[in-house]
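Subject: Handing over the model, with notes

Hello,

I am passing this structure on to you, and the notes below the entry go through what was found in it. Please read them with the structure open beside you.

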Amino acid sequence: MAVVFERPKALLDVPFHYCPGCTHGIVHRLVAEAIDELGIEGRTVGIAPVGCSVMAYDYFACDMIEAAHGRAPAVATGVKRSDPDNLIVFTYQGDGDLASIGTAETVHAAARNENITIIFINNAIYGMTGGQMAPTSLPGQVTQTSPYGRDPKACGYPVKICEMLAQLEGPEYLERVTVNSVAHVRAAKKAIKKAFQNQIDGKGFSLIEVLSSCPTNWGMTPKKAMEWIDEKMIPYYPLGVYKDRSAGIGPGLGGKEDK
Amino acid sequence: MAKVTFRTDECKGCGLCIDACPKGILKLSEETINKKGHHPAECADPDACVGCASCALMCPDCIITVER
Amino acid sequence: MAEKVLMKGNEAIAEAAIMAGCRHYFGYPITPQTEIAAYMAKRMPKIGGTFLQAESEIAAINMVYGVSSAGKRVMTSSSSPGISLKGEGISYLAGTDLPAVIVNAQRGGPGLGGIQPSQSDYFQATRGGGHGDYHIIVLAPSSVQEMAELTIKAFELADEYLMPAMVLADGTTGQMMEPVSFDFEIKEPPAKPWATTGTKCQRPHNIANSLYLDPEKLERINNVRFARYEVIKDKEQRAEEYLTEDADIVVAAFGISARIAKNAVDAACAKGIKAGLIRPITLWPFPDKAFKKAAEHAKRFISVELSMGQMIEDVRLATECKVPVELCYRVGGMIPSPQQVLEAIEKAAKEVK
């Protein structure tokens, strides 16, 4: 019998510290599989900013950099500019990091069409610090800092990163995926691999937003959390390609949305 | 014929592989508790496994190897 | 005689950085240092370098962090409020033992302050400015020639000791023009095997990181770093000692205020007062050796600063308060006249008789 599925090489043999059922582990594997399949581990540098996934620097076999909260796109810009022809640079950021404190860095790296790959984990909560409201928390969602449910009158509406960045002329590729089912995991893998391929081809800023679960801080079982993604998150954050310059998809690119 | 192997001591008993298995042959073992204090996942009917790797695709800790 | 070029201080810094092999610069507009960014915007593209105007000083210092992690010489510049924004990033550079050069052309503060020269970021520069126990090397130019010279020195010391180095200038030294010679001998930067340049699948991965959840590890890292700081304090102190051998009144002043103080010292000597000047060139490591030596005979120190009195504390610490130290200052962008400093020297001279 041949091995048809095993742990990717770009993932070091180190157990994850993530909570049981946390989808960070799935997305880590997809990133590592993409790195393996594209044969770029030796030239890849990953940026892991503050958040549950900061410890990703212990999990990926490629060179890694720990970045200040929100600043990964800027750090990635520096790394990429230090050796643009050889290095493949990716960031792996949570929603607190990318959509809150790091919003400016996100918007401007996109506007510059910086040739980097951003893996954006949207689990609608701050995980590492114990379940606070994030800019992506849904209206009515109960968290440590929205104990009566997020009230848009008091603290506004969720930030839809793909839709927002799609208005910019800069970015090359924006897609939202999820990993709450086998089919979705396969689609997410394709998207992540494409985001890395875009960088290899020099096409520029590619961001994959991955709707992810946080069983512990959502107060759900891993299974229920996966269902919650279907019931609550996908309706609010529709999956799909929000921009693909090369394929003419995106606002103002003459695609179907412009009709 | 197909075979699924689990790195039992690293399983966190999240059960996502169980929901993903189209043959419904995975379960958390009642008898054993692994080093992490979880009931690890195991295959209750190895012969019925078709090696589709759905379980491995869903495993957040990447501890499942599938052969076919 | 080396060929000299008439140049603004800010531009001399930029050209010197390029000479030192810096091929990556990230800036953001803020008076009185924006010429550095404008100069880099013109020069870097022509030499295959990177110039990028970042979206903020915070983004800029983190871009610096990225380039430095990848083992390349890199610089950013700003002025006082911008340096405050870079505080966290500078702490990360120090906590990750990464070299980088940061230029601060100081302006009046606090808050938005003014755009005239100042030296009121002395504490911010020499006491860290960000969180945690750390220091950065701080060099204080007082001429356009030194703006160039100390920028190159900053790159060398940053690489040698694996830490950020700051060129602490001010609006005056940045804006004024003086002839400058670029006849410098540039040493090859040391190898950086720790850099995140891609493993090429030939080595284990490198991690640039300052997170240590294990307290024992974090303590050890701090102790190792501070042992290195002791070496720097011992080997890298630099100061100009002018007529201090037997001076009764020793003026302490750096940067632009040192030029004014020197005129006052000369005027005092002409009047028969035994006055001298110690001009710290390294503000960290503070040149306490020079002050200890002078304190053996000096009867009074006068710290001349464009601040409400910051370096004065280091002078007191260096002389262990054995000798009285007074402050002679202007702030807000006002600059003391030589006359004001001379009067302070004369007053001190009368009191010590």
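A polar contact, as the word is used here, is a pair of N or O atoms within 3.5 Å; within protein, one of them must be able to donate a hydrogen and the other to accept it, and residues adjacent in sequence count only if both atoms are side-chain atoms. By that rule, 17 residue pairs are in polar contact across the interface of domain 1 of chain C and domain 2 of chain C, both residues being at pLDDT 80 or more.

Before going further, please keep in mind that this is a predicted model, in which local features need pLDDT of at least 70 and side-chain atom pairs count only at pLDDT 80 or more, while totals for chains, interfaces and linings use all residues. Residues are numbered from 1 along each chain as its sequence is written, chains are lettered from A and ligands numbered from 1 in the order in which they are written, and side-chain values use heavy atoms, with hydrogens and water left out.

The two domains of chain C

Domain 1 of chain C covers 4-199 + 222-235 and domain 2 covers 240-352, with bounds that come from an automatic or database domain assignment. Taken over C-alpha atoms, the centres of domain 1 of chain C and domain 2 of chain C are 27 Å apart. If contact is taken to mean heavy atoms within 4.5 Å, then 32 residues of domain 1 of chain C are in contact with 27 residues of domain 2 of chain C.

Between them, domain 1 of chain C and domain 2 of chain C bury about 2,400 Å², of which 57% is on carbon and sulfur atoms; buried area here is the accessible area (1.4 Å probe) that two parts lose on being put together, summed over both. On the side of domain 1 of chain C, the residues that lose the most area to domain 2 of chain C are C:Gln119, C:Tyr122 and C:Ser142, which together make up 30% of what that side buries.

Four salt bridges are counted between domain 1 of chain C and domain 2 of chain C, a salt bridge being a side-chain nitrogen of Lys or Arg within 4 Å of a carboxyl oxygen of Asp or Glu. C:Arg127 and C:Asp314 form a salt bridge in which the closest N and O atoms are 2.6 Å apart.

The interface of chains A and B

Two pairs of chains touch, and chains A and C have the most contacts of these, whereas no contact joins chain B and chain C, whose closest C-alpha atoms lie 20 Å apart. Between chain A and chain B, 30 residues of chain A are in contact with 28 residues of chain B, and the two chains bury about 2,300 Å² between them, with 64% of it on carbon and sulfur atoms. A:Met1, A:Val4 and A:Phe5 supply 28% of the area that chain A buries against chain B, more than any other three residues.

Chain A and chain B have two salt bridges between them, and the side chains of A:Lys223 and B:Asp19 meet in a salt bridge at 3.7 Å, N to O. Across the interface of chain A and chain B there are also 10 residue pairs in polar contact, both at pLDDT 80 or more. The side of chain A that touches chain B takes two or more residues from each of strand 1 (3-5), helix 1 (24-38), helix 7 (182-200) and helix 9 (222-236) of chain A; helices (H or I, at least four residues) and strands (E, at least two) are DSSP runs, numbered from the N terminus.

Strand 1 of chain A pairs with strand 4 (residues 64-67) of chain B in the antiparallel sense over two bridges, where pairing requires that DSSP finds at least two bridges between the strands. A:Phe5 stands opposite B:Val66 in strand 4 of chain B.

Local features

Over all chains, a search of the whole structure finds 44 salt bridges. A:Glu33 forms a salt bridge with A:Arg29, with the closest N and O atoms 3.0 Å apart; because A:Glu33 and A:Arg29 are four residues apart in helix 1 of chain A, about one helical turn separates them.

Most residues other than glycine have a negative phi, and most peptide bonds are trans. A cis peptide bond joins C:Thr31 and C:Pro32, with omega about 10°, and C:Pro32 is in the loop between strand 2 (24-27) and helix 2 (34-43) of chain C. Another cis peptide bond joins C:Trp284 and C:Pro285, with omega about 0°.

Best wishes
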